[in-house]
Structures are given as C-alpha cells and as structure tokens.
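User: Please take a close look at a single helix in this model. I want to know how it is packed and what surrounds it.

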Amino acid sequence: MACILHIDTSTNVCSVAVSEDSHVIFQQEERSGQNHAERLGTFVDEALSFTDSHAIPFDAVAVSGGPGSYTGLRIGVSMAKGICYARNLKLISVPTLELLCVPVLLRELVEEGALLCPMIDARRMEVYAGLYDRGLKPVRPVSADVVSAETYKPWLDRQPVYFFGGGAKKCMETISHPNARYIDGIEPLAKWMQPLAERRLMTGQTEDVAYYVPFYLKDFVAKMPKKLL
C-alpha cells in the first residue's frame, strides 16, 4: 500500500492528514477560514516531522483540486507542489465535490438508487454542484447552478437526491420535493481523501507537478451568462 500526505484548503477549513495502508495516522484541522497560509505550513511541518520520526517514506501528496476558493486552492496546491518537488513525490488531485461525498457514503444510510449532490456555496442563490451515483460515477458534469424549485427536478422526479455541503442550505429553503434529502455538517476534510487518493495512485491517475492547475470557481463564473452574475 502507500503513504500519502493529504491537503485540503478548498473552503474555510484548513486540514492536513497522513494515511498509511488505508489508515489515517495523522490529522490536523482548523476552521477559522482566515489564515490558511499560516496554518497550512504549521500543519504540514507537523505531518512531515511525524512521518520522518517514524521513518515512514511518503509515496505521494494528494490535494483537493476544486472547485473551491481561489485563494485557498492556490495555497494548498502551491504547498503540495513544493513538497512533491522537494521529495520527488507524485501529485494526486482529488475533486472537492467527490471528497464531500466520502463521509456521506461512510456514515449515512443512502437509499438504493439515490443520487448524491455535493454543493459548494457561491454568492446569492448560486452553488457549484455535481450529481453522482453511490459509486461516485458522475451523473451530470459539475456546474454552476442557480437554485430554484426546478433546478434538480428532473432527477428528483425519478429518485431520492441527497443534498449536502456548504451550499445545501440554499436548497433547504427552496426545494421541498418529497425525494429531496438533506444532510448537515458535511465538510471537505483531508482525512476523507484517503480512499479517493489511494484509488487514483493505484490506477496511475497522477498529475504533472509542473503544469497542474486546480478547478477554480472563477472558471465557472467566466463561463456563466451575464444575466446570472
């Protein structure tokens, strides 16, 4: 198996974890949302000191690849790239919306045939969301959505849909469909990256350290119709 350093700074939470052989052996989190650059450096130093003191060699660095905060993603990816260069490690990108699904699949009883709809909050009634089946196969591409009672109706009419993540509160206030399910308290955390990162490492889904760029929210905004901005 593998030892992987995991970094997530895609939202207001800064988190770092280390996994070895499918077990999380180190983790740190902070939710202040204001000092990712400072806290991430401290957390990474602690993680590297922990693994070095136990003579555990890293195989890769996994980083949350967005969508998410421009500043947060930039800080996290820059740190991940620096470690990969310094230690000659592989770089793994974990989509933030897939990352949000992991604690739901691990802790919640998701109905057979249901869809997962992780959401990241944006301004006004906008969210950045994806739709996945229980095997994390995309049902619809990640997109910027303006939440209304009709936004997810085609899927809600066919099956239960679980809404969660920072943008789900907007759906709770707007969507009252009988197939809508809501889960509170779901955050993208580094400790949940382990199964996704290990799978990508085992299947060779790694990134070019020199050219990798995360999935910034601004990329969505640039493509949105002006009437929605």
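Analyst: In helix H3, the buried residues are Thr96, Leu97, Glu98, Leu99, Leu100, Cys101, Val102, Pro103 and Val104. That is 9 of its 12 residues, so the helix counts as buried for the most part, the cut-off being under 20% relative accessible area. This is a predicted model. The protein chain averages a pLDDT of 91, and 93% of the residues score at least 70. Residues 224-229 stand apart, with a pLDDT below 50. In the model this stretch has 8 contacts beyond near neighbours in sequence. Where pLDDT is low, predicted coordinates should not be read in detail.

Now the packing. H3 lies across S6, S7, S8, S9 and S10. Its direction relative to S6 is about 125°. These 5 strands form an open sheet, ordered S8-S7-S6-S9-S10, with mixed pairing. At the edges are strand S8 (138-146) and strand S10 (180-183), each of which pairs on one side only. From one strand to the next, the twist averages 20°. S7 and S8 are antiparallel and share 6 bridges. Across that pair, Leu131 stands opposite Arg140 in S8.

Next, the core. The largest nonpolar core has 33 residues. Those that touch the most other members are Ile4, Ile92, Val94, Leu116 and Phe164. Several elements each supply at least two core residues, among them helix H3 (96-107), strand S5 (90-94), strand S6 (115-121), strand S7 (126-132) and strand S9 (161-165). H3 gives the largest share, 6 residues. A second, separate core holds 25 residues, including Val18, Phe26, Ile56 and Ala80.

Leaving out residues up to four places away in sequence, Leu116 touches Cys101, Val104 and Leu105, among others. Cys101 and Val104 are two of the buried residues of H3. Other contacts of Leu116 include Val110, Gly130, Leu131, Tyr132, Asp133, Leu136, Tyr162 and Phe164. One of these, Leu131, is the residue opposite Arg140. Another, Phe164, is itself among the core residues that touch the most other members.

One more helix deserves a note. Gln194 is found in H6. Is Gln194 buried or exposed? Gln194 is buried, because its relative accessible area is 13% and the cut-off is under 20%. Beyond four places in sequence, Gln194 touches His6, Ser19 and Ser22.

Technical notes: Residues are numbered from 1 along each chain as its sequence is written. This is a predicted model: local features need pLDDT of at least 70, side-chain atom pairs count only at pLDDT 80 or more; totals for chains, interfaces and linings use all residues. Side-chain values use heavy atoms; hydrogens and water are left out. A nonpolar core is a set of buried Ala, Val, Leu, Ile, Met, Phe, Trp, Tyr and Cys residues joined through side-chain atoms within 4.5 Å. Buried means under 20% relative accessible area, exposed over 50%, partly exposed in between (1.4 Å probe, protein chains only). Helices (H or I, at least four residues) and strands (E, at least two) are DSSP runs, numbered from the N terminus. Contact means heavy atoms within 4.5 Å. Two strands pair if DSSP finds at least two bridges between them. Axes are lines fitted to C-alpha atoms, for helices over the stretch in contact, and angles run from 0 to 180 degrees between N-to-C directions. pLDDT is the predictor's confidence in each residue, from 0 to 100.
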